[in-house]
Amino acid sequence: MEMKRKLKVGVLGATGMVGQRFIALLENHPWYEVTVVAASPRSAGKTYEEAVGGRWKMTIPMPEAVKSLIVMNVNEVEAVAAEVDFVFSAVDMSKEEIKAIEEAYAKAETPVVSNNSAHRWTPDVPMVVPEINPEHFEVIPFQRKRLGTSRGFIAVKPNCSIQSYAPVLTAWKEFEPYEVVATTYQAISGAGKTFQDWPEMVENIIPYIGGEEEKSEQEPLRLWGAIEDGVIVKAKEPVITCQCIRVPVLNGHTAAVFVKFRKNPTKEQLIEKMVAFKGLPQELELPSAPRQFIRYLEEDNRPQVAMDVDFENGMGISVGRLREDAVYDYKFVGLSHNTVRGAAGGAVLCAELLTAQGYIEAKED
């Protein structure tokens, strides 16, 4: 894709963990340049380096290009919007506040690609995994009509917990999975934490993550839904029941999944469909797209977080232990990187597809 210039990007909530991940992922991005970092009023006016202080949580060093950027007040929507072509949102506020501020940016004719859950069920806001349901972006003209905008809109990516099994079930669609039991073993970075700031997670498991089970059961159905009368209507099947458990891992959500099918696939067919599964990001060779979206590992003891979480720079999904089950038809274990594919990376890939499709473009200079 040819661009006259890199698009100017703002990161809202830039000092938090997902904000930091956006900053890290966007370093040297071929299409985008971070020109604005915005955060709460208490960080505003400081340089990004000062505002983050000792709380930089990424393994790579803070990119030089952002260190001296002066943090803007995220609430000064017009001022931020004037400086950028679009924004990534990772703000840490109440759901109602997030809804309001993301809508304010959209109404300021600035597209918002959000990592937050606030707008995931807004009927005309597309919630997209680009390999699974890119056609949901076609709801954007309806949303713009409601907002009264010509450029501005909100698009979101789904919860990090579903990335290790929803793509797999999508790859198996023709075999008609209709009932799914999933247990997710979720990393602490999903809560924005490291072991330094959450010492009670060391050698511990907590069998509860607020709101997560409902998201894990319902959000895949919205991905598999369809646009009807300008809104997205969720699919009815497969029915998913889920337990979400916090485990002492820094990055990487693992899922143990059981599936019933209406058709009768063989193990070989299931593996073949998974490994061959790709979508628009792969066809368009988007900058952040994994070449191999889902890989299958034959070893009995894989996927493992320590060995597999960074597959395809954290944008690919690793699956193993697919086997027939005595109660369900098949069971498997999936692994995905929760803050790359599951959060910031998934949002960057959404933005790339939106850019390739002409929904996000440069404002007139």
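Colleague: What is the relative accessible area of Phe-258?

Modeller: This is a predicted model: local features need pLDDT of at least 70, side-chain atom pairs count only at pLDDT 80 or more, and totals for chains, interfaces and linings use all residues. Residues are numbered from 1 along each chain as its sequence is written, and side-chain values use heavy atoms, with hydrogens and water left out. Buried means under 20% relative accessible area, exposed means over 50%, and partly exposed lies in between, with a 1.4 Å probe and protein chains only. Phe-258 counts as partly exposed, because its relative accessible area is 29%.

Colleague: How far apart are the ring centres of Phe-258 and Tyr-328?

Modeller: Rings of Phe, Tyr and Trp (its six-membered ring) pair if their centres lie within 6.5 Å; planes under 30 degrees apart are stacked, over 60 edge-to-face, and the rest tilted. The planes of Phe-258 and Tyr-328 stand at 65 degrees, so this pair is edge-to-face. Tyr-328 is buried, with a relative accessible area of 15%. The centres of the two rings, Phe-258 and Tyr-328, are apart by 6.3 Å.

Colleague: Which residue has its charged end over the ring of Tyr-328?

Modeller: A charge sits over a ring if NZ of Lys or CZ of Arg is within 6 Å of the ring centre and within 35 degrees of the ring normal. Here the charged end is 4.7 Å from the centre of the Tyr-328 ring. It belongs to Lys-260.

Colleague: Which residue stands opposite Lys-260?

Modeller: Strands (E, at least two residues) and helices (H or I, at least four) are DSSP runs numbered from the N terminus, and two strands pair if DSSP finds at least two bridges between them. Strand E7 (residues 177-186) and strand E11 (residues 253-261) pair in the antiparallel sense over eight bridges. Opposite Lys-260 in E11 stands Glu-179.

Colleague: Which strands stand at the edges of the six-strand sheet?

Modeller: The sheet is open, with mixed pairing and the order E10-E7-E11-E14-E13-E12. Each edge strand has a single partner strand, so one side of each is left without a neighbour in the sheet. The edge strands are E10 (239-246) and E12 (294-297).

Colleague: How many residues are in the largest nonpolar core?

Modeller: A nonpolar core is a set of buried Ala, Val, Leu, Ile, Met, Phe, Trp, Tyr and Cys residues joined through side-chain atoms within 4.5 Å. Tyr-165 and Phe-332 are among the members that touch the most others. Beyond its neighbours within four places in sequence, Tyr-165 is in contact (heavy atoms within 4.5 Å) with residues including Ala-182, Cys-242 and Phe-332. The number of residues in the largest core is 58.

Colleague: How many residues apart in sequence are Tyr-32 and Phe-86?

Modeller: These two rings form an edge-to-face pair, 5.1 Å centre to centre with 70 degrees between the planes, and both residues are buried. Tyr-32 lies in strand E2 (residues 32-39) and Phe-86 in strand E4 (residues 86-89), so the pair ties together parts whose separation in residues is 54.

Colleague: Which residue is joined to Pro-238 by a cis peptide bond?

Modeller: Pro-238 lies in the loop between strand E9 (231-233) and E10. Omega of the cis bond is about -5 degrees. The residue joined to Pro-238 there is Glu-237.

Colleague: What is the relative accessibility of Asn-313?

Modeller: Asn-313 is in the loop between H11 and E13, and has a positive phi of about 55 degrees although it is not a glycine. Asn-313 counts as exposed because its relative accessibility is 68%.
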